Amino acid sequence: FFKRNDAYFVDYSLMGLLVHQNYPKVLQTGYNAAKRSGSDDELQSFLDRMHLATDAMSDFALTENAIRSGDQNWGLLPTCAALAVKTGFHAGGESGGVASGFVEFASWLGKNSSRGKKKRLLGELGHHMNYKVSGGTTELRLAYLPLLRQHFQTYLTDGDPASRMEEMIGVMDEYGLDRDDIFENMDEFKMDSKAPALNEILDSKQKASFTRLYNSGAHKSQALVAEQGAGKVSKKRKSTGAAAAKELGAIDEDGGGSEEEQEEEELTEEKLRAMFKSKGRKRGQGKKKGVKTTTKKRKTAGKKK
């Protein structure tokens, strides 16, 4: 017990995840051995040990949550170590058992990373659709996104997509969605894993024509981008985005501006850069002059001596 308990503290942030990932594989080896024996007592004994192992792992998760949550009760860390050792003991016995196959790394880390990514994307979609949708992120994920994705998929698959692009863009503007929301973000939340990705339905020519048609008009999503201050866009897109934002009344005071003001800002930036360059040259020249003067002083001092 003490050796396994000390091994837990080698990296207490990772050892529990490794036990959680691999103890079912150890249980699989014990189940195969009990099944080969043909004894009902052996099978019942294995089921009891599996129950105790899963119960200990569940208690470990609750204790770990009490440590990592807002309470920060680090005094429960030895309890976590004891529960991890208890899980391994019930799963593999005193010897530790044998895992079927190689020991796997904790897949929870990758799952948690993808969970954070999808949570961020869901928040962005909720921000884009909040003036049209009354529900929260849970209702958006379960009720709105599957139906909207199916709706957009019918636009792209039924009939000629080129003839229905304007209608599709109209629905996108109605919900404040942009091109990236449809062809990139919405595929992260598809219910059917066998369903085709929206980005793969159109060929390259159809994608290019859709992009040209979408960029030719002003959209509500551009006003949201201007409000958030995300990225730099060209003058034409700025003017169209500012016009759409004024209609919606959702743009910052610094987001708009005419083309003449933008040209004046560019001129001032160019002047500032030129001023900094000239100052840098003057400083460099001054340093060189200072070097020459010091060398001259040294020569004159040597001659006097």
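Visitor: What makes Arg 68 count as partly exposed?

Guide: Bear in mind that this is a predicted model. Arg 68 has a relative accessibility of 37%, and because buried means under 20% and exposed over 50%, with partly exposed in between, Arg 68 counts as partly exposed.

Visitor: Why is the contact between the side chains of Glu 64 and Arg 68 called a salt bridge?

Guide: The N to O distance for Glu 64 and Arg 68 is 2.9 Å, and because a side-chain nitrogen of Lys or Arg has to be within 4 Å of a carboxyl oxygen of Asp or Glu, the pair meets the rule. Both residues lie in helix 3, 4 residues apart, about one turn of the helix. Glu 64 counts as buried, at 17% relative accessibility. By this rule the count comes to 6 salt bridges.

Visitor: Where do Lys 132 and Glu 174 lie, and what makes their pair a salt bridge?

Guide: Their side chains meet at 2.7 Å, N to O, which is again within 4 Å. Lys 132 is in the loop between helix 5 and helix 6, whereas Glu 174 is in helix 7, and the two residues are 42 residues apart.

Visitor: Why is Lys 25 called buried?

Guide: Lys 25, whose place is in helix 2, has 14% relative accessibility, and because buried means under 20%, Lys 25 counts as buried. Leaving aside its neighbours within four places in sequence, Lys 25 is in contact with Val 98, Ala 99, Ser 100, Gly 101, Phe 102, Val 103 and Glu 104.

Visitor: What makes the ring pair of Tyr 8 and Phe 9 edge-to-face?

Guide: By the rule for rings the count comes to 6 aromatic pairs. The centres of the Tyr 8 and Phe 9 rings are 5.5 Å apart and the planes stand at 90°; because centres have to lie within 6.5 Å and planes over 60 degrees apart count as edge-to-face, the pair is edge-to-face. Tyr 8 is buried, with a relative accessible area of 3%, whereas Phe 9 is partly exposed, at 36%.

Visitor: Why is the aromatic pair of Tyr 31 and Phe 46 called tilted?

Guide: The distance for Tyr 31 and Phe 46 is 5.7 Å centre to centre, with 45° between the planes, and because planes under 30 degrees apart count as stacked, over 60 as edge-to-face and the rest as tilted, the pair is tilted. Tyr 31 lies in helix 2 and Phe 46 in helix 3, so the pair ties together parts that are 15 residues apart in sequence. Phe 46 is buried, with a relative accessible area of 3%.

Visitor: Which residues form the nonpolar patch on the surface, and how do you know that Leu 43 passes the accessibility cut-off?

Guide: Tyr 31, Leu 43, Leu 47 and Met 50 form the patch, with about 290 Å² of accessible area together. Leu 43 has 31% relative accessibility, and because patches are made of residues with over 30%, Leu 43 passes that cut-off. Helix 3 gives the most to the nonpolar patch, with 3 residues.

Visitor: Which residues have the most contacts inside the largest nonpolar core?

Guide: The largest nonpolar core has 25 residues, and those with the most contacts inside it are Phe 152, Met 168, Met 172, Leu 177, Ile 182 and Phe 183. Helix 6 gives the most to this core, with 6 residues.

Visitor: Why does Leu 147 count as exposed?

Guide: Leu 147 lies in helix 6 and has 64% relative accessibility; because exposed means over 50%, Leu 147 counts as exposed.

Methods
Residues are numbered from 1 along each chain as its sequence is written. This is a predicted model: local features need pLDDT of at least 70, side-chain atom pairs count only at pLDDT 80 or more; totals for chains, interfaces and linings use all residues. Side-chain values use heavy atoms; hydrogens and water are left out. Patches are made of residues with over 30% relative accessible area and no salt bridge: like charges are joined within 9 Å, nonpolar side chains (Val, Leu, Ile, Met, Phe, Trp, Tyr) within 5 Å. Accessible areas come from the Shrake-Rupley method with a 1.4 Å probe; for residues, only the protein chains shown count as cover. Buried means under 20% relative accessible area, exposed over 50%, partly exposed in between (1.4 Å probe, protein chains only). Contact means heavy atoms within 4.5 Å. A nonpolar core is a set of buried Ala, Val, Leu, Ile, Met, Phe, Trp, Tyr and Cys residues joined through side-chain atoms within 4.5 Å.
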